[in-house]
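User: Could you take me through the charged pairs and the helix packing here, one point at a time?

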Amino acid sequence: MFRLGIAFKEKFAELLSSGDPEEEIREPYFIFKPIEGKPGIMATVMTEFPLSQMLIASGLNCISTLSPTLGESELSSISAFMGKRLAYMRSYIIRGNKVDFLLQDNDMHGCIAYLSDPNFPTGKSLPANIFETLAERFGYLIVDATFSFLERNNGGSLLKEDHLRALSNEGIENSLFFLRLHEIFNLFRYPAYMILSPSTRAMETILLLSGWKRNGVALAYKELILDEAVRSSLRNHSERLMRKAIELEEYLKKRGAVVIESDTPYFISNAEQEFEGKAQIVDLSMFIGEWDGLRLFAPNL
């Protein structure tokens, strides 16, 4: 897969050197306020993969994935191991040069809904009103929001402002967002995830199931997240990527390629492999859906 994160190896090493990486963190979660003056939501950083704990914590026996990203992922094996039914639901459709999100009409309160946002690989961003409707129709909603900082007009924020407002609603208790921090910060040696939820019960259940294995690595990630200089670098990184993406889109269009509209710097196009030197290109055959003649493009910085 291509990498769209930002390198912070030196800053991370500095944070680790100031403490013991094995040191336990006492506080189970912290309040995440990415926008000054806006209400915060509970967040915690975990250094082990939390998806299985999330699925167990929901207590539901059905998983419905609304994204095309999980054909060969850990979710399939986890659902089989846990005896949960797994359904792939096509939640997007390509019409001409646009991607539309298909809102499920079914009442799926017996199921967990899992989706990416922005919807990888389509680049489709999930509006807050659809997120709220999904939270009503499904028993539990799990959102992988890793690429939210790359959404157009999001200013490099780790989570979109409208999603933060929706999560702050007292009426939404059955939702959980997580960010793959090692993908955002290009620190693949130290996998870590930030989990955000409006529910104390859900958060405490996940931490209990994980054995509360939180250490100095998780604390270093937390310091990165809260560091304004890091946030400024994220904003600059996303803006540079977006400028490069616009240049790449125009370059492909001038050579007769179809470019599918995207809410992110990565996008789908029918351009040929000859453009490989100007972009990272991913074959879409590994993803669920119909991708005849289409590939995923991301600009090189």
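Analyst: At 24% relative accessibility, Lys11 counts as partly exposed, a class that lies between buried (under 20% relative accessible area) and exposed (over 50%), with a 1.4 Å probe and protein chains only. This is a predicted model, in which local features need pLDDT of at least 70 and side-chain atom pairs count only at pLDDT 80 or more, while totals for chains, interfaces and linings use all residues. Residues are numbered from 1 along each chain as its sequence is written, and side-chain values use heavy atoms, with hydrogens and water left out.

User: Which residue meets Lys11 in a salt bridge?

Analyst: A salt bridge here is a side-chain nitrogen of Lys or Arg within 4 Å of a carboxyl oxygen of Asp or Glu. For Lys11 the N to O distance is 3.1 Å, and the partner is Asp227.

User: Are Asp144 and Arg180 buried or exposed?

Analyst: Asp144 forms a salt bridge with Arg180, the closest N and O atoms being 2.9 Å apart. Asp144 lies in strand S8 and Arg180 in strand S9, so the pair ties together parts 36 residues apart in sequence. Both residues, Asp144 and Arg180, are buried.

User: Which residues of helix H4 are buried?

Analyst: Helix H4 spans residues 128–137, and the cover over its buried residues includes strand S8 and helix H5. Those buried residues are Ala128, Ile130, Phe131, Thr133, Leu134 and Ala135.

Key:
Helices (H or I, at least four residues) and strands (E, at least two) are DSSP runs, numbered from the N terminus. Contact means heavy atoms within 4.5 Å.
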